[in-house]
Amino acid sequence: MSGSSPFQMRLVHLDLKGAPPKVSYLSEIFPLFRDLGANGLLIEYEDMFPYDGPLRLLRARHAYSPSEIKEILHLATLNELEVIPLVQTFGHMEFVLKHKALAHLREVALFPNTLNPHEAESLALVGAMIDQVMDLHPKARWLHVGCDEVYYLGEGEASRRWLQQEQNTKAKLCLSHVKAVASHVLARHPATMPLLWDDMLRGVPEDQLTASGVPQLAQPVLWDYGADLDVHGKALLMEKYQKCGFSRLWAASAFKGATGASQALTPTEHHLRNHVQWLQVAASGPADVLQGIVLTGWQRYDHFSVLCELLPVGIPSLAVCLQSLLHGGFAEDVKARVENFLGISSLNITGFTSDILALVTQVSLHLHSSVDELLQRDRYVTGWFSPYHRRRKLIHPVMIQHIQPQALSLLARWSALAGELEAALQRVFYPDAVDEWLEENVHPSLRRLRQLLQDLGEAAGAQAPQASPGPDPGPEP
C-alpha cells in the first residue's frame with residue numbers, strides 16, 4: 001500500500017479539543033482513511049478522554065466513555081490504523097489548568113497555557129494523565145507527549161529565581177521537564193516510545209541538546225504547515241537532530257486547520273503544496289531517518305479559540321494530501337484516483353456531494369454576503385431605511401413593499417438551509433459543537449434579517465394613519 005511514499009507511517013491527526021466526532025461517524029471514515037493511504041491515527045483526546053478519580057474534572061460534557069475508547073481502537077484495528085495517543089504535558093494545558101483546583105500549577109498565575117515545571121505535583125499530574133491514557137492503550141508503540149508552544153516558560157516566580165542561578169537557561173529548564181516526562185513514560189511503559197513536537201528544541205544548541213539525554217528518550221516530530229516551507233532549512237534541522245543522537249525523526253504537515261483560526265473552508269491548494277514540499281524534505285535526507293508523517297487536522301488553535309474547518313469539510317483535502325504522499329506527488333492519475341475514492345466528478349470543492357461540505361460551503365460563501373447585499377447595498381434599504389430611519393421608526397410606506405418581500409424570502413431560504421445543516425451536523429457531532437458552529441457562522445446573519453423585519457414592522461406601525469376622533473360632543477349635561 002506504500003506506493004512510492006518515503007513515509008512508512010502516515011498518521012491522520014484527530015484533534016478532539018473541538019467538534020469531536022461521534023464514534024458512529026468514525027466508523028464511517030476510518031475505512032476511507034485506510035483506502036486513501038493512511039495506516040495510523042494520532043488521537044489528541046484533550047478533554048474527550050474519560051479521565052477518572054481526581055482527574056475526572058478534566059472530562060468534557062460529552063467525553064467518550066471507556067467503552068467508546070475501546071470501540072474506537074477496535075475500529076482502528078479493523079481498518080489497519082495504528083493508534084498513537086497524544087497527551088499534552090507542558091504547553092497547551094488550558095483544558096487542565098483552567099480548573100480552579102489545578103490553577104496553582106500554572107507557570108504564570110494569570111495564564112492557563114503552561115505547566116509549572118518546578119512543582120513536584122506538576123509531574124505527578126501529567127504522570128497520572130499519561131497512565132490513565134496508557135491503561136486504555138496498552139499496545140501503543142508510541143505516545144505523543146505534546147510539549148509544543150510552551151509559552152511564558154521562565155516567566156513564573158519560581159522560574160525567575162531558578163534562572164538567576166549561574167548556568168541555568170530556559171532551554172535547560174524545558175529539557176529537564178521533557179526528560180522527566182519521557183522518563184516517566186519509559187519507566188512505566190517500557191515498550192512505548194515518547195514522541196514530542198520539535199519547536200521548543202529548534203533553537204537549543206547541539207551540545208546542550210546532546211548532553212540533556214532527551215535524544216535517547218524520545219523522538220521529535222518536526223512540524224511545519226506552510227505552503228512555502230524552507231526545504232533546505234528542514235534538511236539542516238534533521239541533520240542537527242541526528243547529530244544530537246535522536247534515533248528516528250517524524251514529520252508533521254497539515255491537511256486542515258492551519259490557515260486561520262476561524263477558517264470555515266479548507267484551502268486544498270495550500271495543503272497540497274505543504275505536502276509536496278515535505279516530500280522534497282524527505283528526498284533530501286537519508287531514507288531511513290523519517291519514521292513517518294502526521295497529517296495534522298487542527299480543530300481549534302487552542303482550547304479557547306473558535307472552531308476552524310470541521311472534519312467533514314477537510315476530507316477532500318485529506319484525500320489529496322494522503323494520495324500525494326502515497327504516490328510521490330499529485331499527477332493526473334492521482335487526481336482521478338482521489339475523485340474515484342470520494343465519488344465526485346471534480347475536485348472543485350463545490351462538486352463534492354457530502355451534505356455537510358455542500359451546506360457549509362453555501363453558508364461560508366453566500367450567507368453573510370447575501371445579507372450584506374440587502375442591508376448595505378440594496379437601494380431601497382440604504383436610501384429609505386437606513387440606521388437613522390430604523391432608530392426613529394421612519395419609513396415611506398411604499399418602501400415596505402420593496403424591502404419586506406426580499407427580506408422574508410432571504411430569511412426563509414437561509415432558515416431552511418440552516419435547518420438542513422443542523423440536522424446533518426447532529427448526525428456527526430455532539431450538541432454543543434453543533435450549537436457553537438451555528439452560533440458562530442449562521443445565527444448572526446439570521447438575526448440581522450429578523451431585526452430588519454422587526455424594525456420594518458415597528459416603523460410601519462408608527463407610520464399608520466391614526467383613526468379620527470370625530471367631532472367634539474361638548475360637555476355632558
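Predicted model: local features only at pLDDT ≥ 70, side-chain atom pairs only at ≥ 80, totals over all residues.

Biologist: Why is H12 called roughly parallel to H17?

Modeller: Helix H12 (residues 355-377) and helix H17 (residues 443-463) pack at an angle of about 25°, with axes 9 Å apart. Angles under 35 degrees count as roughly parallel, over 145 as roughly antiparallel, 65 to 115 as roughly perpendicular and the rest as oblique, so H12 is roughly parallel to H17. The axes are lines fitted to C-alpha atoms over the stretch in contact, and angles run from 0 to 180 degrees between N-to-C directions. Helices here are DSSP runs of H or I with at least four residues, and strands are E runs of at least two, numbered from the N terminus.

Biologist: Which residues of H12 make the contact with H17?

Modeller: On H12 they are Leu 367, His 368, Val 371, Asp 372, Leu 374, Leu 375 and Gln 376, facing Ser 445, Arg 448, Leu 449 and Leu 452 of H17. Contact means heavy atoms within 4.5 Å.

Biologist: How do you know that the length of H17 agrees with what its residues should span?

Modeller: The expected span is 1.5 Å times one less than the number of residues. For the 21 residues of H17 that should be 30 Å, and the end C-alpha atoms are 30 Å apart, so the two agree.

Biologist: What makes Ser 159 buried or exposed?

Modeller: Buried means under 20% relative accessible area, exposed over 50%, and partly exposed in between (1.4 Å probe, protein chains only). Ser 159, in helix H5 (residues 157-163), has 0%, so it is buried. Ala 187 of helix H6 (residues 170-188) has 63%, so Ala 187 is exposed.

Biologist: And why is Lys 393 classed as it is?

Modeller: Lys 393 has 33% relative accessibility, so it counts as partly exposed. Lys 393 lies in the loop between H14 and H15.

Biologist: What sets the backbone of Glu 46 apart?

Modeller: Most residues other than glycine have a negative phi. Glu 46 has a positive phi of about 50° although it is not a glycine. At a relative accessible area of 5%, Glu 46 is therefore buried.

Conventions: Residues numbered from 1 in each chain as written. Heavy atoms only, no water.
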